[in-house]
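Subject: Structure for you to look at

Dear colleague,

Please keep the model open while you read.

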Amino acid sequence: MRFLGQLKGVNPFQGDIVPSRVKLLRAGQPCFPIPHPGNYREPLRILDTYFWNLDAEVGSAKHNRFISIPGLPYVLVTREPSVIKAILSDSGDKPGQFDRDTSPAEGIARATGEDSLLYANRALWRRQKKVAASPFTRSALFQPEQFREFENTFRVTVSERLERFRQLQLERGEKVTRLEIEPEVQVVMLEMLVTNFFGGQVEYSDLRERFVPAIVRLIDYMVSDTVVPRSRNILRYYGKRGEALKRDKETLFELTEIALSGRKDGLGLWRKFQSDAPNEMLRSNVRVFLAGALEATTSFATWALSHLAGAPEVQEEIFQEVKDLECYTPENLEQARVLNAVLEETLRLTPSLYFLPRRSIEDRWIETDDGRRMLIPEGTHVVLDVWHANRCEEFWGVDVSGYPAEQFAPRRWEHLSAQGKRLKETLHFGFGYGPRVCPGKFLGLLEVGLVVGAFVKLFKFRAVHSEIKARAGVSTKPADGVLVDLELR
Ligand code: HEM
């Protein structure tokens, strides 16, 4: 039946929100709208194609698009925030709710395990969530005693590492040093996670020379392994790259054991971990936390620094907020209004995870807050395109938020709050939303807030290039690695 409908070009979606069909081939389109070995390195361009040249469409057909290929499941791509919110709220393990679509994460699962909180669905997901999410809660991280100790080691770590930059500059005798910040940020982020969060013992030089490069190569491989899975076997069994890949995987597994080793003595946040689940049940999660968190926190921090590198006046405002801060208590962090607005705006304009994948397991009606409905057919791959939602003038532009949607404008958040808009009305989905929201949200905000605050306190920095493009794999990053001219304050 469906096959016939697809052949005839029937639109299978029903209700008030009706998506429009994407033709696979259109002259001049940014690229072919489905990932394949020739275009998968440019996922943002693939998504651009869905929302390219929409002059003929009106209303929700402009923001909701679908692909239909006879014999294959439908693909729905939406950039409408109220639809994204409705689908995220309806994701989980209750009967009929949306699953996380596992197909874009197959490479990740092959490298880290299929039973992680990120990859699992239904009962296994629920079990993993119960087991693994407790140390990440706001209340666990922000309990006064716990927080003081945690923040202290964080702060020492961050400032010691930033001191490296300072030394470098003094050694070179330069007033201004040209530097790519991303590689430095990666090591700091992994160190905070392994040593401060998990209480693991690992040398900084080991992280820098061995663990970070191995995980970065592995993440790159996960992306290609998802789109070109056969390469996995070819690489595994033939050639030097296969051997190198095996070693990288072993290196991630070694770091996983280091992270787990603090558990028996209750080191780091393990003491918040009230569960007798065997280590075996946690390994996939720890691997996902290490690889995923490194990727996401690096993305978030590098974007924040990249935006600030192009906005010296905002750097100055943050400097005024943090220059006298000795300690980042929860209250201090809350009062650093400009820093918080910068973090919020960074995730809005350049979300680390640029799309959230879902799959309908049955024909499912969803309903938006304003009462509009859409029927999504069973088996549809649903791509919640957060990147384009947050850059759409209709939802985030001058009329709504006081500033153009594509501009980095931390003041937008003041404008929205002055209009009495509540957070729920201005969702950018930077950490997702609903039952599958990111459990690392508070940890991530804390880490990135500390790194950005400490960086601004020590340095003034300016972007070398005036326009910074995005590159994307598992997450998005500034394409220039945050190349800046750095000057000590
Ligand atoms: C600070 C940067 C981070 C960002 C921007 C970020 C973003 C996100 C987003 C958008 C999701 C939702 C995905 C979806 O709905 O499909 C998510 C889920 C997840 N994040 Fe994060 N994350 C960050 C840090 C972390 C950290 C530090 C950890 C762990 C240590 C973590 C672990 C996870 C896990 C396990 C999930 C899956 C949760 C589930 O499905 O129940 N994230 N993250």
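Predicted model: local features only at pLDDT ≥ 70, side-chain atom pairs only at ≥ 80, totals over all residues.

Residues are numbered from 1 along each chain as its sequence is written.

F429 lies in the loop between α19 (412-418) and α20, where helices (H or I, at least four residues) and strands (E, at least two) are DSSP runs numbered from the N terminus. Although F429 is not a glycine, it has a positive phi of about 65°. R122, in helix α5 (residues 122-132), also has a positive phi, near 55°, and is likewise a residue other than glycine. R122 is partly exposed, because 13 other C-beta atoms lie within 10 Å.

Next, please look at a pair of helices. Helix α12 (residues 279-309) and helix α20 (residues 441-458) pack at an angle of about 35°, with their axes 10 Å apart; axes are lines fitted to C-alpha atoms, for helices over the stretch in contact, and angles run from 0 to 180 degrees between N-to-C directions. On the side of α12 the contact is made by A296, T297, F300, A301, A304 and L305, and on the side of α20 by G444, E447, V448, V451, V452 and F455, two residues being in contact if their C-beta atoms, placed from the backbone, lie within 7 Å. These residues divide into nine nonpolar, two polar and one charged, where Ala, Val, Leu, Ile, Met, Phe, Trp, Tyr, Cys and Pro count as nonpolar, Asp, Glu, Lys and Arg as charged, and the others, Gly among them, as polar.

The largest nonpolar core has 119 residues, and those with the most contacts inside it are L193, L290, A304 and V451; such a core is a set of buried Ala, Val, Leu, Ile, Met, Phe, Trp, Tyr and Cys residues joined through C-beta atoms within 7 Å. Helix α12 gives the most to this core, with 16 residues. Leaving aside its neighbours within four places in sequence, A304 is in contact with V342, L343, T346, V448 and V452.

Which residues are the closest to the ligand? They are A296, G432, C438, G440 and G444, out of 24 that surround it, a residue being near a molecule if its C-beta atom, placed from the backbone, lies within 6 Å of it. The largest share of this shell, seven residues, comes from α12. By class, the shell has 14 nonpolar, seven polar and three charged residues.

Helix α3 (residues 81-89) is mostly covered, with eight of its nine residues buried. I67, in strand β3 (residues 64-67), counts as buried because it has 20 C-beta neighbours inside 10 Å. P312, in helix α13 (residues 312-322), counts as exposed because it has 12 such neighbours.

With best wishes
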